[in-house]
Amino acid sequence: MKTKLFTLLVVAVQLLDLIVHGSVGQLEPLRVAANIVMVVAALIPLFLRHASGVLTVVVGLIVYLILNTMFIVNDGIYNNGSLRVGLVAFVLATVAAALFFCRVLQQAGAGKRPY
């Protein structure tokens with residue numbers, strides 16, 4: 001049950017990020033790609049065994065962070081002189097949710113399907 005909750009949490013954070021940026025007309029390709037990577041990484045454990053699921057979420061999180069870092073390098077941490085608070089908030093929320101998700105997957109037991 002907890003694993004489904006954390007899957008939904010990771011997916012919800014990504015969808016909210018996309019909705020917020022879409023509503024203000026600022027869909028940046030690198031950030032959208034990062035959101036898609038995290039959604040896929042969160043959903044794959046539904047179909048894989050425990051160890052592969054944890055690895056998938058960890059690799060997804062690393063790719064997500066790399067893509068967001070590339071975005072910051074290209075566009076900066078500031079937007080019109082203001083800190084990109086939304087970026088920081090969504091990245092921190094994603095990292096926290098993904099790490100808790102990995103912990104829950106680990107607690108589900110080696111070799112067991114967590115769902």
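This report describes selected residues, contacts and surface features of a predicted model.

## Confidence of the model

The structure is predicted, and the mean pLDDT of the protein is 88. A value of 70 or more is reached by 90% of the residues. Confidence is highest in helix α2 (residues 29-43), with a mean of 96. It is lowest in strand β1 (residues 78-79), where the mean is 89.

Arg-31 belongs to helix α2 and Asp-17 to helix α1, so the pair ties together parts that lie 14 residues apart in sequence.

Both partners fall below the 20% limit for burial: Arg-31 is buried because its relative accessible area is 4%, and Asp-17 is buried because its relative accessibility is 2%.

## The loop between α1 and α2

Leu-27 is placed in the loop between α1 (2-23) and α2. Its C-alpha atom is separated by 9.5 Å from that of Asp-17, and the two residues are 10 positions apart along the chain. When residues up to four places away in sequence are not counted, Leu-27 touches Leu-18, His-21, Gly-22 and Val-32.

Gln-14 is a residue of helix α1. Its relative accessibility is 0%, and therefore Gln-14 counts as buried. Two polar contacts involve its side chain: one of 2.6 Å with the side chain of Asn-35, and one of 2.7 Å with the side chain of Thr-94. Beyond its neighbours within four places in sequence, Gln-14 is in contact with Asn-35, Met-38, Val-39, Tyr-64 and Thr-94.

Asn-68 lies in helix α3 (residues 50-75). With a relative accessibility of 4%, Asn-68 also counts as buried. Apart from neighbours within four places in sequence, its contacts are Arg-31, Ala-34, Leu-87 and Val-91.

## Strand β1

Asn-79 is found in strand β1. Its relative accessible area is 26%, so Asn-79 is classed as partly exposed. Leaving aside neighbours within four places in sequence, Asn-79 is in contact with Gln-26 and Arg-84.

## The nonpolar surface patch

Tyr-78, Leu-83, Val-85, Val-88 and Leu-92 make a nonpolar surface patch of about 490 Å². Helix α4 (residues 85-107) supplies the largest share of the patch, with three residues.

Another member of the patch, Leu-83, is found in strand β2 (residues 82-83). Leu-83 counts as partly exposed because its relative accessibility is 44%. This value lies above the 30% that a residue must exceed to belong to a patch.

Definitions and conventions:
Residues are numbered from 1 along each chain as its sequence is written. This is a predicted model: local features need pLDDT of at least 70, side-chain atom pairs count only at pLDDT 80 or more; totals for chains, interfaces and linings use all residues. Side-chain values use heavy atoms; hydrogens and water are left out. Patches are made of residues with over 30% relative accessible area and no salt bridge: like charges are joined within 9 Å, nonpolar side chains (Val, Leu, Ile, Met, Phe, Trp, Tyr) within 5 Å. Accessible areas come from the Shrake-Rupley method with a 1.4 Å probe; for residues, only the protein chains shown count as cover. A salt bridge is a side-chain nitrogen of Lys or Arg within 4 Å of a carboxyl oxygen of Asp or Glu. Helices (H or I, at least four residues) and strands (E, at least two) are DSSP runs, numbered from the N terminus. Buried means under 20% relative accessible area, exposed over 50%, partly exposed in between (1.4 Å probe, protein chains only). pLDDT is the predictor's confidence in each residue, from 0 to 100. Contact means heavy atoms within 4.5 Å. A polar contact is a pair of N or O atoms within 3.5 Å; within protein, one must be able to donate a hydrogen and the other to accept it, and residues adjacent in sequence count only if both atoms are side-chain atoms.
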